[in-house]
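Subject: Structure handover

Hello,

The structure is below for your files. My notes on it follow; please read them with the model open.

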Amino acid sequence: MVYIVWWKESVVYQIYPNSFKDSDGDGQGDLQGIYDKLDYLTGLGVDVIWICPIYDSPGHDNGYDIRDYYSILRKYGTMEDFDRLLAEAHKRGLKIMMDLVLNHTSDEHAWFAESRSSQVNPKRDYYIWRSGKNGQVPNNWESYFGGSVWKHDPETNEYYLHLYTEHQPDLNWNNAQMAEEMYEMVHWWLQKGVDGFRFDAVAHIAKAEGLPSAHNPDNLPVVPAYQLFSNLEQVHSILNKLNDMILKPYGPMTVGETSGLGPEQALAYVGTDRNELNMVFQFEHMFVDAQSSGIGKWNHRDWKLPELKEIMSRWQTVLHDRGWNANYMGNHDQPRPVSRFGNDGKYRVRSAQMLATWMLTLEGTPYIYQGEEIGMTNVAFLDIEDYRDIETMNYYRQHIGQGRAKHEVMQAIWRKSRDNARTPMQWDDTKHAGFTDGEPWIQVNENYPEINVADAERDPQSILHYYRKLIALRKQHKVLIYGAYELLLPDDPDIYAYTRTLDEEQMLVILNFREHEPEMQWPEGWNDENAKTVISNVSRRYSTDKGAILLQPYEARIYRMQR
Ligand code: GLC
């Protein structure tokens, strides 16, 4: 077997452009800001940058509401700036992956203006329009951002469907003309030379035939109806066609955002025989601390390590040799991992390093979200006015409206708001963390004097330097990329340990997810003599007199078998 597939061997760094680096003092990040930080990115050792949407957009959902797929949002720069960024990235061996929204456009997109203008407009059918039922919405589906998925449009007295905000009408992929125009647009970006795509919300581009209402025993006005618009058969035929018609000759890296599936179902997207996507972002592990998936994310439950291990291990083993994983623990929609799965107090540095060790030693392509490499944490703004995210604001309005106590609602927001991950990147300890000379569009996390890139650069023990070492290590040892994964101690509540094996090479990864000091016996075949430490986030290993391993708080350690 030849192990050389560039997108499997790459480490991806996700940029949220609004919050990455502002170069012109308007308080919002821009393409020049990314350009200025290319050295930082190559210095980190990443291979691909995924940039969240930078297309022209009114910004109701920070760019995920695209007004024009062919132009760059003014505040980010111009198409010339983009071309220059792409060329300069390529010169340095960095690839660029675009974030493309195929499920919906902005309600300010020219197509939608036409579509809503009359029932007989040729573009009417580009979107999903229905008449009401006895003065009510056409069905009972609940939007991801709360409320109904239907919005009444007085112009033609019909409703249009929006799974996200009302400013993001869903496209109708049954319309061949619309699909053609989308394929053409993807082609246009490939011709420009971009290296890959993250297909936003791609699981939802097909909806159940006839748009039936979801089961609703309690007769609620709206209910979650994910199974009626997620991962349906038609999504696969669309992706197949996209590959055959457009993607194939270019061989871009592709990752689809697909909530609501397990690894067996994911094989339908990423199976080597499927001709669809290289990878998908799965969500199972993102709901270990929620009462239910989707909108249930706001209702907290304490997460348990055995459950997290079970989920990750299932994905590791089912996809091995049959597909490929996309591994992530945070992104622009999720809380900061160190606050969520680690410890953002006393053990912030060590636990962030432990979590990094986890992500960089799983089978699959690792995705690092901006700021993870310095251990940025959640924020807790006291005032809802300081939040910017539409999902957060809708949640607040809805729940305060229903009479829930403010402190309870804010508690949920502090835990789960997407703005946790969207505060500006902390570059140094000067005003606004060196992100901007102006007023930032969202406040900087007040811990920036302690947590910032400049400081991390100076400290050899920092999270940043540890990431660099881990990334280099992964490139050096193919076993960390392609090796088979085997979980050890599935029920252990504190320790996450596994081996990776490729031909003669074997590595053992041990992660202590706790503040206390659990003890671990050597797994079969391993002992004090044959285990050589490759990297660790603590300087000295403690063994007990019985020859077991005594782990320090949040210790991470990778051993290599010395034969
Ligand atoms: C995806 C994006 C998210 C956005 C949504 C609608 O989930 O990651 O940020 O709000 O799609 O486009």
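The protein chain is divided into domain 1 (12–108 + 171–211 + 223–470), domain 2 (110–161) and domain 3 (484–561); the bounds come from an automatic or database domain assignment. Taken over C-alpha atoms, the centres of domain 2 and domain 3 lie 56 Å apart.

This is a predicted model, in which local features need pLDDT of at least 70 and side-chain atom pairs count only at pLDDT 80 or more, while totals for chains, interfaces and linings use all residues. Residues are numbered from 1 along each chain as its sequence is written, and side-chain values use heavy atoms, with hydrogens and water left out.

Helices (H or I, at least four residues) and strands (E, at least two) are DSSP runs, numbered from the N terminus. Two strands pair if DSSP finds at least two bridges between them. Buried means under 20% relative accessible area, exposed over 50%, and partly exposed in between (1.4 Å probe, protein chains only).

Strands E6 to E8

Strand E8 (residues 158–161) is covered on both faces. Glu158 and Tyr160 are buried on one side, and Tyr159 and Leu161 are buried on the other. Strand E6 (residues 129–130) runs antiparallel to E8 and is joined to it by two bridges; Arg130 has Tyr159 as its bridge partner. Strand E7 (residues 150–153) is also antiparallel to E8, with four bridges, and here Asp153 is partnered by Glu158. E7 and E8 make a hairpin with four residues between them, and Asn157 in the turn has a positive phi of about 55°.

Helices H4 and H6

Axes are lines fitted to C-alpha atoms, for helices over the stretch in contact, and angles run from 0 to 180 degrees between N-to-C directions. The axes of helix H4 (residues 79–91) and helix H6 (residues 176–192) come within 11 Å and cross at roughly 55°. The two are therefore oblique to each other (under 35 degrees counts as roughly parallel, over 145 as roughly antiparallel, 65 to 115 as roughly perpendicular and the rest as oblique). Contact means heavy atoms within 4.5 Å. Met79, Phe82, Asp83 and Leu86 in H4 meet Trp188, Trp189 and Lys192 in H6.

The five-stranded sheet

An open sheet is formed by five strands in the order E14-E15-E16-E21-E18, with antiparallel pairing. Strand E14 (484–488) and strand E18 (531–536) are at the edges with a single partner strand each, so one side of each has no neighbour in the sheet. From one strand to the next the twist averages 25°. Strand E16 (residues 505–512) and strand E21 (residues 556–561) pair over five bridges, and Val509 has Ile558 in E21 as its bridge partner. Helix H9 (residues 305–319) packs on the sheet, touching E14 and strand E15 (495–502), and its direction makes about 15° with that of E15. Helix H11 (residues 348–360) packs on the sheet too, touching E15, E16 and E21, at about 145° to the direction of E16.

Loop residues

Tyr554, in the loop between strand E20 (549–550) and E21, is not a glycine but has a positive phi, near 55°. Tyr554 is buried, at a relative accessible area of 6%. Leu211, between strand E9 (196–200) and helix H7 (233–247), has a positive phi of about 45° without being a glycine. Leu211 is buried at 9%.

Regards
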